[in-house]
Amino acid sequence: MADFSTLIADARQFFAELEDNNTKAWFHANKATYEARLKTPALELLQIMSAKVAELAGGEVTTKLFRAHRDVRFSKDKSPYNLHLHMLWSPQGAGAQPAFFFGVARDYATAGGGLMGFDKAQQSDWRAFAAEREGARLQGKLDALVAAGARMDPPELKRVPAPYPADHPQADLLRRKSCTIWMPLEQTQDLPGALSQVFTQINPALDDLRAFL
C-alpha cells in the first residue's frame, strides 16, 4: 500500500518547484518524482476511497485523476502543466449525481463535494427546490458546515432570479448555478481517514442535493 502520510507535503513541494519551472524539460526531468510521490499514491487513494464513497452515495462509483497536462488550446497562458493534483469520485445513477473531490496545490489542500454546475433543466428544478422548505433545510445544513470551518464559493448570480423576491429567505441558494462545499485538510498520518471524516460530514447536505435531482 502507498504511504499517504506525505502526499500533501510532497504535492505542495512538487507544485511549488513546478510553478517556478513550468516547462516540459523540467517536468520530464522530474517525472519519476511525480509518478512515485504523487500519481501512484493518488491512484491508490482513489481506489481505497471508492468503497466509502459508494457507501455514502448508495451506488457504484467511478474515479478520475485529473491529468497533469493543461489544455492550452483556448488559453493565453501556455504553461504546459497544472499546478495541482485533483481527484474525483463520481457516484453513478440516473443523471448527474453529487460528486466527491480532493485536491492539493501549493497553497491549499481541500476535500469536498457537490454539483459543479446545473444544466438548463436542473437549474429550473434547483430554483423550485431551493425556494421551498427543502431549500431552507439544505441552507441550514450548509450554514452549519460553514460554521464548522467549511467554505462555499460565492453565488454566481448577482441578483435573485425572477419570479423570486430579492429578499427571499433562500436568496443565496437561488443565486447559485452550482452547489459545492469544501473543507480544508492538513497533512495527516491517516489521509483516507481524514477524507472519510470530511465526506461523512458533508454527506447529509449532498443527500439534499440528490433529492432534487
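Colleague: Leaving aside neighbours within four places in sequence, which residues is Trp 126 in contact with?

Modeller: The model is a predicted one, and the values that follow are computed from it. Trp 126 is among the buried residues of helix α4. Once neighbours within four places in sequence are set aside, the contacts of Trp 126 are Phe 118, Leu 138, Leu 173, Arg 176, Cys 179, Leu 209 and Phe 212.

Colleague: Which elements are included in what covers the buried residues of α4?

Modeller: The buried residues of α4 are Gln 122, Gln 123, Trp 126, Arg 127, Phe 129, Ala 130 and Ala 131. Their cover includes one strand, β5 (179-184), and the helices α5 (133-147), α6 (171-174) and α7 (191-212).

Colleague: What distance does α4 reach from its first C-alpha to its last, and which residue caps its N-terminal end?

Modeller: Helix α4 covers residues 120-131, twelve residues, for which 16 Å is expected at 1.5 Å a residue. The reach in the model is close to that, at 17 Å. At the N-terminal end, a side-chain oxygen lies 3.2 Å from the backbone nitrogen of Ala 121, and the capping residue that supplies this oxygen is Asp 119.

Colleague: Which element gives the largest share of the largest nonpolar core?

Modeller: The largest nonpolar core has 59 residues, and those touching the most other members are Trp 89, Phe 102, Trp 126, Leu 185, Leu 195 and Phe 199. The largest share of this core is ten residues, and the element that provides them is α7.

Colleague: In what order do the strands of the open sheet stand, and which strands are at its edges?

Modeller: Five strands form the open sheet with antiparallel pairing, in the order β1-β2-β3-β4-β5. An edge strand has a single partner, so one side of it is left without a neighbour in the sheet; this applies to β1 (61-65) and β5.

Colleague: How many bridges join β3 to β4?

Modeller: Strand β3 also pairs with β2 (residues 84-91), in the antiparallel sense over six bridges, where Trp 89 has Phe 100 as its bridge partner. Towards β4, a hairpin connects the strands through two residues, and Ala 99 stands opposite Gly 114. The bridges joining β3 to β4 (residues 108-115), again antiparallel, number seven.

Colleague: Are the residues of β3 that point one way and the other buried or exposed?

Modeller: Ala 99, Phe 101, Gly 103 and Ala 105 point one way from β3, while Phe 100, Phe 102 and Val 104 point the other way. The strand, residues 99-105, is mostly covered, with seven of its seven residues under the burial cut-off. On both sides, therefore, with burial meaning under 20% relative accessible area, the residues are buried.

Colleague: At about what angle to β3 does α1 run?

Modeller: The end C-alpha atoms of α1 are 20 Å apart, which agrees with the 20 Å that its 14 residues should span at 1.5 Å a residue. Its buried residues pack against α2 (24-29), α3 (31-57), β2, β3, β4 and α7. Helix α1 (residues 7-20) lies across β2, β3 and β4, and its angle to β3 is about 55°.

Colleague: Why does Leu 213 count as partly exposed, and which residues is it in contact with beyond four places in sequence?

Modeller: Leu 213 is found in the segment after α7, and it counts as partly exposed because its relative accessibility is 36%. The C-alpha atoms of Leu 213 and Gln 97 are separated by 7.6 Å, although the two are 116 residues apart along the chain. Leaving aside neighbours within four places, the contacts of Leu 213 are Ala 96, Gln 97, Pro 98, Leu 115 and Gln 122.

Colleague: Which residue does the side chain of Asp 153 join in a polar contact of 2.6 Å?

Modeller: Asp 153 has its place in the loop between α5 and α6 and is partly exposed, at 38% relative accessibility. Not counting residues up to four places away in sequence, Asp 153 touches Arg 176 and Trp 182. The side-chain partner in the polar contact of 2.6 Å is Arg 151.

Colleague: Which residues does a cis peptide bond join?

Modeller: Most peptide bonds are trans. In the loop between α5 and α6, where Pro 163 has its place, there is a cis bond with omega of about 10°, and the residues it joins are Ala 162 and Pro 163.

Key: Residues are numbered from 1 along each chain as its sequence is written. This is a predicted model: local features need pLDDT of at least 70, side-chain atom pairs count only at pLDDT 80 or more; totals for chains, interfaces and linings use all residues. Side-chain values use heavy atoms; hydrogens and water are left out. Helices (H or I, at least four residues) and strands (E, at least two) are DSSP runs, numbered from the N terminus. The expected span of a helix is 1.5 Å times one less than its number of residues. Buried means under 20% relative accessible area, exposed over 50%, partly exposed in between (1.4 Å probe, protein chains only). Contact means heavy atoms within 4.5 Å. A polar contact is a pair of N or O atoms within 3.5 Å; within protein, one must be able to donate a hydrogen and the other to accept it, and residues adjacent in sequence count only if both atoms are side-chain atoms. A nonpolar core is a set of buried Ala, Val, Leu, Ile, Met, Phe, Trp, Tyr and Cys residues joined through side-chain atoms within 4.5 Å. Two strands pair if DSSP finds at least two bridges between them. Axes are lines fitted to C-alpha atoms, for helices over the stretch in contact, and angles run from 0 to 180 degrees between N-to-C directions.
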